[in-house]
Amino acid sequence: MDQTSRSANPGMAQTDRAGSDRLIRWRYFKDRMATVAVGIGGVGVLVAILLIFFYLAWVVMPLFAPASIEKVAEYPAPISEPALLLTVEEQAEVATHVGTSGRVRFFDVLTGEMRGESQLPIPDGVGLAQFDSIDPNRGLFGLLLEDGGLLVARQEHKIRFSDDGRTIASSLSYPYGETPIDTGLTDVRALDVRASAESLLIAAALPNGRIELVRYEQEVGLFGGSGELTEDERGTVLLELPPERRIERLLLDPAETWLHALTDDGEVITTNIRRLSEPDRLGPVTVAGPDARVIDARYLNGGISVLVATSDGRISQLFPVRDAGAGWRLQKVREFEAPGDAMISAVDIEQRRRGFMAADSAGRLAIYYATSHRELLNETVIEGAIKDIALAPRADRLLVQSREGQISVFDVHNEHPEVSLTSLWGKVWYESYPEPDYVWQSSSATSDFEPKFSLMPLSFGTLKAAFYAMLFAMPLAIFGAVYTAYFMSPALRQIVKPTIEIMEALPTVILGFLAGLWLAPVLELNMPGAFLLILFLPLAIPLAGFLWTRFPASIRHRVPDGWVPALLIPVVIAVTWLAFALSRPVEAALFGGSMPLWLNNEMGITYDQRNALVVGLAMGFAVIPTIFSIAEDAVFSVPKQLSQGSLALGATPWQTMMRVVLPTASPGMFSAVMIGMGRAVGETMIVLMATGNTPIMDMSIFQGMRTLSANIAVEMPESEVGSTHFRLLFLAGLVLFMFTFFFNTLAEIVRQRLRRKYSTL
């Protein structure tokens, strides 16, 4: 229908305009809906990322919360007799008071109500000479009587259930009988006792300046039970102290290896008691200033570190350290400040962690943690002087006794004392280590294990794995992308590009499996071949190209334009075969038949089968498709008029690529590299299966590593929900999140700057 007929029929024209308007409105509506949908999707992605970040931060924040205490009870002390020992049992419901008269009383922690009492079987007319809390974890304590008799007792608290509910029955038992052991030790100035199922070791400081050791052996039957104690050995260790000096404290370690003697002038002298014939003496180490004295000395949990509190306000931590080739030395590792200006009056140790508490004569209390070197709390808890403190085994309840006879009970909230910025990112001097170091070791078979929570080895391993992966993947992916997009024929490009991109669909667990069980042994057995391949390939490919140019033109013209790179496939295969064929002869001729052993013996380089070289190859193979695809698209999307104009002005294809195409495509290529880097940083399964998972800081290509992601995958199933270990794994996830956020943000910033710089081309 022509224009004249439409003009002659106004109704039809009006109908067409109405239909056109409806179509325009419908398109406008779809455009708006698409814009809204894309906007909602983008905002949703940002919200999801922020929610992940805030959730990780919410789980991690309690790690850095300070300790706190809350008073839950206060009452007059139910016992007026001075205490040799004041403890609280596991459930923090019953306290034990051992008096100077030998009477043991049990009372309710919250009310002070008496729960029972017992009298230690001390012979009539015999006084108490020394007291020793042998093993607080097992409730053992000992009394040395004036006649040389030693009585060892154990406090027991058994939970019983009845119709009336749960009750705790407290009592005493005597592992070596109720008759005191005749040690023959009299006029003892200091005493320490170690008791085990098979033996009893006693160390006593005598007035003549010597320490006498007495060991008793006890036969244990096949079906339990124990026989009588028999004296096994008796020896002396002469300290040769002048008459004006005296020994204030003795400390035997649980392994019965070291004996620490603390003198009245604040020195610690340590002796190896396993070698009495040739004593290995460490020290002395001074822990107190002039005119100061030792107030208290105890072992921290684990029985390695000695904690010494002195009258000048110092609290020192010491432990024996083995030097390389120089034997042992006693090392003063840390020093803590007293709670306040007043003198320290009481100290107590956590039974399951490396924490401790100290109180002073002004009513102040401080909570410390040794490994993280933190003071977690410091505040005044009572008015007046503190006489004694008793911490429950779970470190969740504290009993404070004042000199005025009042007892205050506090609930303690101190969930994660092991964590500080220093312990996470700095070097920490752990027990028995020769020097401060970065260590991650979250668990052990023993309950007195000192957790080591340094994130530095994990972060270092993450960057190390990503570095070697990018070192392998980046040149291959970028050069391959440039050649594919700019020089390769369209027909060959349609084969190569999808083939490489489909590699990205290969599960990384398969790559890790192949790398760990196939590639790692192959590289170990053919190390010279691997390095020969790295040497031969860069030489063989240009040589093959040069020889190809010398072929007759009739042969060269038979190969279609752009298909020449396919001829390199047999060259690469042949060079690879040659390199590995020469591996064994070269290894026998130059490396004594084993290159890994030669590296270890001659170069001092340890070779691990699953190392950074294996990870670099396997993870580089996984990263190549990501970098290649994005970089190839960036080069291919450069407007053709730019390259054609350059060629028209007389530039060669190589000059056009270097000066026109690459600068224009550089924003996309940089993004490809950074996205590949982010992929390598976050990779889990390959590094989990292809490395030794050893959290060490060594840049050697022959050493393994442990990454943040692999550590989370390995340890998260075994961590207790809400524990320090659990939250630290979330912190590792947060650090990994920040790594990827940093790389992606850097990539976007650089990409935008490059885009603005080359937008005028």
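Me: Let us start with the open sheet of four strands. What order do the strands have?
Reply: This is a predicted model. The strand order in that open sheet is β19-β20-β21-β22, and the pairing is antiparallel.

Me: Which are the edge strands?
Reply: They are β19 (294-299) and β22 (327-337), each of which pairs on one side only. From one strand to the next, the twist averages 25°.

Me: How many bridges join β19 to β20?
Reply: Five bridges join β19 to β20 (residues 306-310), and the two run antiparallel. As one example, D296 has A309 in β20 as its bridge partner.

Me: Turning to aromatics, how many aromatic pairs does a search of the whole structure find?
Reply: The search finds 21 aromatic pairs. One of them is Y55 with F730: the ring centres are 5.9 Å apart and the planes lie at 75°, so this pair is edge-to-face.

Me: Where do Y55 and F730 lie?
Reply: Y55 belongs to helix α2 (residues 10-60) and F730 to helix α17 (residues 724-757), so the pair ties together parts 675 residues apart in sequence.

Me: And is F730 buried or exposed?
Reply: F730 counts as buried, because its relative accessibility is 14%. Y55, with 43% relative accessibility, counts as partly exposed.

Me: Which residues form one aromatic cluster with Y55?
Reply: W58, F726 and F730 form one aromatic cluster with Y55.

Me: What about F742 and F743, how are their rings placed?
Reply: The centres of the F742 and F743 rings are 5.5 Å apart and the planes are at 65°, so this pair is edge-to-face as well. F743 counts as buried, at 11% relative accessibility.

Me: Now charges over rings. Which ring does the charged end of K452 sit over?
Reply: The charged end of K452 sits over the ring of Y430, at 5.5 Å from the ring centre.

Me: And where does R493 lie?
Reply: R493 lies over the face of F636, 3.7 Å from the centre of that ring.

Me: One last topic: T462. Which helix is it found in?
Reply: T462 is in helix α4, which covers residues 456-487.

Me: Is T462 buried or exposed, and why?
Reply: T462 is buried, because its relative accessible area is 0%, and buried means under 20%.

Me: Which residues does T462 touch, not counting those up to four places away in sequence?
Reply: With those residues left out, T462 touches V681, R706, T707, L708, L736 and F739.

Methods:
Residues are numbered from 1 along each chain as its sequence is written. This is a predicted model: local features need pLDDT of at least 70, side-chain atom pairs count only at pLDDT 80 or more; totals for chains, interfaces and linings use all residues. Side-chain values use heavy atoms; hydrogens and water are left out. Buried means under 20% relative accessible area, exposed over 50%, partly exposed in between (1.4 Å probe, protein chains only). Contact means heavy atoms within 4.5 Å. Two strands pair if DSSP finds at least two bridges between them. Axes are lines fitted to C-alpha atoms, for helices over the stretch in contact, and angles run from 0 to 180 degrees between N-to-C directions. Rings of Phe, Tyr and Trp (its six-membered ring) pair if their centres lie within 6.5 Å; planes under 30 degrees apart count as stacked, over 60 as edge-to-face and the rest as tilted. A charge sits over a ring if NZ of Lys or CZ of Arg is within 6 Å of the ring centre and within 35 degrees of the ring normal.
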